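Thanks for asking me to look this one over with you. Here are my notes, written for someone meeting the structure for the first time.

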Amino acid sequence: MKQLYVILFIAFACCNVYGQEATAWEFPTGAGVYSSPVADENCIYVGSNDSCLYALNKKSGQLKWKFKTNGQLRSKPLIYKANVIFNSTDGNVYSLRKADAHLQWTFQTDGEKSYDLWDYYISSPVYSENKIVIGSGDGNVYAIEPDSGKLIWKFKTNDIVHATPLVHNNKVYIGSYDGVFYALNAKTGQPIWQFKTVGNAYFPKGEIQKGAAIYQHSIIFGCRDYNIYALDIETGRGLWNIVEKGSWVIATPLVCQDAIYVGTSDTHRFNALSAQTGDLKYSVQLNMRVYAEAVPYNNEIIFGCFNGKLYRMNPANAEIHQIFQTKGSKKNYDTVYDKNDAFKDGFKLYGNDLEASEKKILELGSILSTPLIEHGIAYFGDANGVIYALQLK
């Protein structure tokens, strides 16, 4: 008999506000920051849509160097030995020396492309067993030698691969916009198993946009067909799926103990699910999408939202607090929302001019960047191009 869960629908308007957390520093870039930062002992490394990778001093935010590419940087860099490796929409993967941004190598894919207006990310490089694994808009999954940038193998899917691979026990797990989730041999790139998503009337391919997470012997990911899937990690057999009616699930799920925490797109919710069964434990109602991954911090969970706000939630009781609001959100909030935090009269998220509506949302300083938290400081970027170092209480 399934365990029964209490489902809590917590009104956004009742969300507590801790008061604005103090910023240790802020750094402006030339365009939106959807990239998520990584760090070594002294610096954080984060990309921007202004085509540059930035190395910033963790304590002061002072610029150490920046390196310009010919495309936008919309993923998470990777630190490998004395280098930082990252992906660009110019179709190249770069390796730079961390000390001075000296170019070590460049790997050229068959080219990047964007799926649609809401295709905000590209694949992030992942290191495992002396290879870098990464997806590409050309439909390939690549394995690259990390010291030389030479190709080890590539595997072709039938559409764009912007999901970040998950490498575990010599297998690469990754989804594609072709609606297939793949398990590949990490040494050879040969397929081990494939799982086809269900699809729906609006998105028949069942596109998989972002990454997956592991729970025990299952692998869990969200999809544009409104489903979250859990598959047997060895066979690819479906274990369970749940439907978020009326919404994509883009964000990579966060697994903590026996629960999954993940934001949704058009239903504007943040959900807690049983990792074993997919049953909904509770749902927190927001007023905008969550695409970035949630992160754990001191027995709580922190995540950003397209409304330009950062939230902190106690997973034990679903108590949620707004802890930060970006500059853009403070300035432009009333262009989208009324005093009750609902869409103001005249604003339509999916009206006749989709691009104009989306531009207004992004001008709120939307947080698509997954925060990096170290020593009580959260580092993240916003859609107006500001990189924040936020001192957490």
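This is a predicted model: local features need pLDDT of at least 70, side-chain atom pairs count only at pLDDT 80 or more; totals for chains, interfaces and linings use all residues.

1. Residue numbers start from 1 along each chain.

2. Strand β24 (residues 254-256) pairs with β25 in the antiparallel sense, over 3 bridges. Within this pairing, Cys256 stands opposite Ala259. The hairpin of β24 and β25 has 2 residues between the strands, and Gln257 takes a positive phi near 55° there.

3. β25 has another antiparallel partner, strand β26 (residues 269-274), with 5 bridges between them. In the hairpin of β25 and β26, 5 residues lie between the strands, and His268 has a positive phi near 55°.

4. Now to the cysteines. How many disulfides are there? The count is 0. A disulfide is a covalent bond between the sulfur atoms of two cysteines. For Cys43, the closest cysteine sulfur is that of Cys52, 16 Å away, which is too far for a bond because the cut-off is 2.5 Å. Cys43 is buried, with a relative accessible area of 4%. Cys305 is also buried, at 0% relative accessibility.

5. Tyr297 deserves a look of its own. This residue lies in strand β28 (residues 295-297). Is Tyr297 buried or exposed? At 13% relative accessibility, Tyr297 counts as buried, because the limit for that word is under 20%. Leaving aside residues up to four places away in sequence, Tyr297 touches Ile302, Arg312, Ile373, Gly376 and Leu392. The C-alpha atoms of Tyr297 and Ile214 are separated by 19 Å, and these two residues are 83 residues apart along the chain.

6. Which residues make the nonpolar surface patch of about 220 Å²? They are Leu117, Tyr350 and Leu354. Leu354 is found in helix α2 (residues 354-362). With a relative accessible area of 32%, Leu354 is partly exposed.

How values were computed. Side-chain values use heavy atoms; hydrogens and water are left out. Buried means under 20% relative accessible area, exposed over 50%, partly exposed in between (1.4 Å probe, protein chains only). Helices (H or I, at least four residues) and strands (E, at least two) are DSSP runs, numbered from the N terminus. Contact means heavy atoms within 4.5 Å. Patches are made of residues with over 30% relative accessible area and no salt bridge: like charges are joined within 9 Å, nonpolar side chains (Val, Leu, Ile, Met, Phe, Trp, Tyr) within 5 Å. Accessible areas come from the Shrake-Rupley method with a 1.4 Å probe; for residues, only the protein chains shown count as cover. A salt bridge is a side-chain nitrogen of Lys or Arg within 4 Å of a carboxyl oxygen of Asp or Glu. Two strands pair if DSSP finds at least two bridges between them.
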